[in-house]
Amino acid sequence: MLVRTEQLRKYFTLGRGQTLHAVDGVSLQISENEILGLVGESGSGKSTFGKALIGLHERTSGEAFYNDELLPTRFSAEDHLNYSRNLQMIFQDPYSSLNPRMTILEIVGEGLRIQGKYRKSDIKDQVADWLNKVGLNADHMSRYPHEFSGGQRQRIGIARAMIIGPKFVVCDEPISALDVSVQAQVINLLEDLKQSMGLTLLFIAHDLSMVRYVSDRMAVMYLGTVIETGPANDVFFEPKHPYTQLLIESNPEPDPRLEKTRDHIPIKGEITSPVNIEAGCRFADRCPKTMEECKTVTPATTSLTDSHSVSCHLYQ
Ligand code: SF4
């Protein structure tokens with residue numbers, strides 16, 4: 001495994017003794033050259049998990065490993081510098097993730113500059129090379145982020161992450177803020193880079209069709225926990241957990257002709273805030289198949305096959 005976590009937890013302390021259990025015991029493995037898709041509604045803890053995994057959040061407890069090396073619970077400035085060579089992140093919002101006062105040369109070249117071993121002319125050459133690789137005009141490196149479209153800014157964010165030559169990249173909803181017309185282009189770019197650089201990706205998104213399309217395996221998160229994992233096609237076409245089934249039924253069909261003919265079954269209610277979590281299944285108040293034990297007993301994880309597992313009393 002290139003990356004794995006064991007019971008990773010990230011809690012946030014709120015006022016009046018309350019604790020937000022954003023990520024609550026997530027154990028996942030990602031093999032080299034694999035794309036693991038991580039799906040779930042907003043508020044399920046996907047982004048927090050991605051950030052805690054690569055040291056952008058301090059872990060509350062649990063472990064995260066890169067190449068079998070235990071990563072620090074809290075990254076120092078030196079840890080960030082060392083690990084950022086291999087662990088990078090592409091952020092969701094290409095509008096707020098680029099410093100508006102920096103030029104594209106400064107933004108994309110920053111990772112090389114802070115390593116302190118490249119001459120200015122080398123950095124400029126590498127930035128030009130990477131702008132070309134992501135489909136941007138290298139002559140525009142003295143421009144500022146506001147002079148680019150959303151899709152172009154996301155390409156700048158991708159160049160910034162990739163110029164370091166990372167092995168593992170967390171892609172946090174990389175296309176959800178973009179027009180539909182440019183989403184496929186950015187996905188194709190990521191896939192090309194994955195192939196050419198031998199990357200391993202954690203691809204976080206809420207669009208299940210897209211995640212199935214790009215991912216080898218898929219993990220579904222609900223209220224800070226992973227409730228189903230398996231090969232992407234198995235989870236998408238034969239979902240076992242009631243939440244995964246509803247998530248897929250409520251997912252828009254990309255083909256508008258098919259979309260018109262589909263019956264959508266919306267998921268009842270909204271995801272609750274993961275504050276002061278109690279025992280029992282976290283999905284019990286929204287699940288159409290709730291049984292008495294679901295309200296008091298937390299379901300364990302059952303392996304349905306070597307690669308497909310689910311946490312639900314229906315399978316125990
Ligand atoms: Fe529904 Fe019970 Fe399964 Fe939870 S454990 S998903 S409430 S059937």
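Two strands pair if DSSP finds at least two bridges between them. The exercises below use a predicted model.

**Exercise 1. Decide whether E9 is enclosed or open, and identify its bridge partners.**

Solution. 
- Step 1. Apply the cut-off: buried means under 20% relative accessible area.
- Step 2. In E9, 5 of the 5 residues are buried, so the strand is largely enclosed by the rest of the structure.
- Step 3. Sort the side chains. Thr 200, Leu 202 and Ile 204 point one way from E9. Leu 201 and Phe 203 point the other way.
- Step 4. Ile 35 stands opposite Leu 201, and Gly 37 stands opposite Phe 203.
- Step 5. Take the E8 side. E8 and E9 run parallel, with 5 bridges. Here the partner of Phe 203 is Cys 171.

**Exercise 2. Locate the nonpolar cores and trace the contacts of Met 162.**

Solution. 
- Step 1. The largest nonpolar core has 59 residues. Ile 158, Met 162 and Phe 203 have the most contacts inside it.
- Step 2. Set aside the neighbours of Met 162 within four places in sequence. Met 162 is then in contact with Ile 90, Trp 130, Val 169, Leu 190, Leu 193, Met 197 and Leu 199.
- Step 3. A second, separate core has 27 residues, including Leu 53, Tyr 83, Val 170 and Leu 202.
- Step 4. Compare with E9. Phe 203 is among the most-contacted residues of the largest core, while Leu 202 belongs to the second one. These two residues point opposite ways from E9.

**Exercise 3. Describe how H3 packs against H4, and state what covers H3.**

Solution. 
- Step 1. H3 (residues 104-113) and H4 (residues 120-133) pack at about 115°, with axes 9 Å apart. Their crossing is right-handed.
- Step 2. H3 contributes Ile 104, Leu 105, Val 108, Gly 109, Leu 112 and Arg 113. H4 contributes Ile 123, Lys 124, Gln 126, Val 127 and Leu 131.
- Step 3. Classify the contact residues: 7 are nonpolar, 2 polar and 2 charged.
- Step 4. List the buried residues of H3: Ile 104, Ile 107, Val 108, Gly 109, Gly 111 and Leu 112. Their cover includes H4 and H5 (150-162).
- Step 5. Relate this to helix geometry. An α-helix has 3.6 residues a turn, so residues three or four places apart point the same way.

**Exercise 4. Are Gln 92 and Gln 183 buried, partly exposed or exposed?**

Solution. 
- Step 1. Gln 92 is in the loop between E7 and H3. Gln 183 is in H6 (residues 180-197).
- Step 2. Gln 92 counts as partly exposed because its relative accessibility is 35%. Gln 183 counts as buried because its value is 15%.
- Step 3. List contacts, leaving aside neighbours within four places in sequence. Gln 92 is in contact with Gln 154, Asp 172, Glu 173, Ser 176 and Ala 177. Gln 183 is in contact with Ile 175, Ser 176 and Leu 178.
- Step 4. Gln 92 and Cys 171 are 79 residues apart in sequence, with 7.7 Å between their C-alpha atoms.

**Exercise 5. Characterise the hairpin of E1 and E2.**

Solution. 
- Step 1. E1 (residues 3-13) and E2 pair in the antiparallel sense over 6 bridges. Arg 9 stands opposite Asp 24 in E2.
- Step 2. Between the strands lie 5 residues. In this hairpin, Arg 16 takes a positive phi near 50°.
- Step 3. Check the cover of E2 (residues 19-26): 6 of its 8 residues are buried.

Technical notes. Residues numbered from 1 in each chain as written. Predicted model: local features only at pLDDT ≥ 70, side-chain atom pairs only at ≥ 80, totals over all residues. Heavy atoms only, no water. Buried < 20%, exposed > 50% of the residue type's maximum accessible area, 1.4 Å probe, protein only. Helix = DSSP H or I, 4+ residues; strand = E, 2+ residues; numbered from the N terminus. Axes fitted to C-alpha atoms, helices over the stretch in contact; angles between N-to-C directions. Left-handed = near helix turned anticlockwise from the far one by under 90°. Contact = heavy atoms within 4.5 Å. Nonpolar A, V, L, I, M, F, W, Y, C, P; charged D, E, K, R; others polar. Core = buried A, V, L, I, M, F, W, Y, C linked by side-chain atoms within 4.5 Å.
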